[in-house]
Amino acid sequence: MEIDQEPQLQKSDNKIMLNSDINIIMVTTTTQQPQQHPRFKNYIWWFRVSLYIIFLLAGQSSSLLLERFYYDKGGNSKWMISFVQSAGFPLLLPLIFYFKPHAKFDNNKTKYFTLYIGFGILLTGVYLMYSYGLQYLPLSTFSLICSTELAFNALFSYFLNSQKFTALIFNSVFLLTMSTSLLAVDSISDQDSSTDLRKENYILGFLFTLCACATFSLYLALVQFSFEKIIKRQTFSAILDMQFYPSFFATCACVIGLFASGEWKILDKEKKEFANGKVSYIMTLLCCCVTWQICYIGMLGLVFEVSSLFANIIGSLVLPLVSTLSVLFFHDKIDGVKSIALMLAIWGFLSYIYQHYLDDKKAKVEDHCLEVSRGEIEVIPSLLN
């Protein structure tokens, strides 16, 4: 059989066109389907992300202010502050039972325990270093140093999560590094020259906070890696498990540290001498337990739904909020150097936001091209008997 001419492709709605000369069935698929606006299609997803953002911002800012209040009114136990950052995990039990009311025990959880223990130990170190930093530094300075989490997270995300390192991200890393360097220089000149111990504590607070930022950024990148490569469950229960079990192990480690360090002996005296009374002391610690759990659910939810980098970006919004509130409630001073550092940190934050905007715009263009390609004609080879 000879083929006299090239096959001519003709479009037709819901029709099958057969050319017996070339033994090919050409199927045109131009079925009309209802179109959904992308924002309407992802409405539930955006609702979840918005809810996690609110949890993160409200929880983190409230927790930092409460912990600073604890230190300002006479509290002095670093292990206790570390303890309250994880001790609220029993509050998650109703949610765990609600989202898995009839579920049997997941055998895979036994495989995850090593992962959860490792995260718990890592978080214990983070909590303790943050406690030292918060005790030795003004809250405004502490918050500004925490902006370096973005820079560290960009580095870890690049190696662990294949995060693209664009010019905007590099610009943000540079600006945040400059912001931290200014605070490091200003941290010494801010102190009374007659008190060497105070200077040492200030420098230690700076170093502890910086190390805590790096470690916590590593933790977030590892959590994202675990969600994608190890756990692989696209459910809210995965977020709850990632918060509940590491917090349990972190709480156990903090209890051990509290007794091993001997700080448990001063807790009763600390409660009695608390400036606002025993009730205020207890309520401050209890509220810290609640607000930190709210914060971490929001943080892990954003890691789960988007990425660790996005979660850190949203966490950076707490920076200007807490710095402003610390001036109002704790009379911290914002001098010229800190103002410049704050502006550099905000500039770096905006660079991240703009990069996220460009990535989102590019993703929408690619999705549109994919939808167009799906509407093209399929040519299915087939032999005729």
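Thr209 is found in helix 9 (residues 196–231); helices here are DSSP runs of H or I with at least four residues, numbered from the N terminus. The model is predicted, so local features need pLDDT of at least 70 and side-chain atom pairs count only at pLDDT 80 or more, while totals for chains, interfaces and linings use all residues. Residues are numbered from 1 along each chain as its sequence is written, and side-chain values use heavy atoms, with hydrogens and water left out.

With a relative accessible area of 0%, Thr209 is buried (under 20% relative accessible area, 1.4 Å probe, protein chains only). Leaving aside residues up to four places away in sequence, Thr209 touches Met129, Tyr130, Gly133, Leu137, Phe142, Ile145 and Cys146, where contact means heavy atoms within 4.5 Å. Val126 lies 83 residues from Thr209 along the chain, and their C-alpha atoms are separated by 8.9 Å.

Turning to helix 7 (residues 149–160), its twelve residues reach 16 Å from first C-alpha to last, close to the 16 Å expected at 1.5 Å a residue (1.5 Å times one less than the number of residues). The buried residues of helix 7 are Glu149, Leu150, Ala151, Asn153, Ala154 and Ser157. Just after helix 7, Ser162 adopts a positive phi of about 55°.

Helix 10 (residues 236–260) packs against helix 12 (residues 278–305) at an angle of about 130°, the axes being 9 Å apart; axes are lines fitted to C-alpha atoms over the stretch in contact, and angles run from 0 to 180 degrees between N-to-C directions.

Notes:
Helices (H or I, at least four residues) and strands (E, at least two) are DSSP runs, numbered from the N terminus. Buried means under 20% relative accessible area, exposed over 50%, partly exposed in between (1.4 Å probe, protein chains only).
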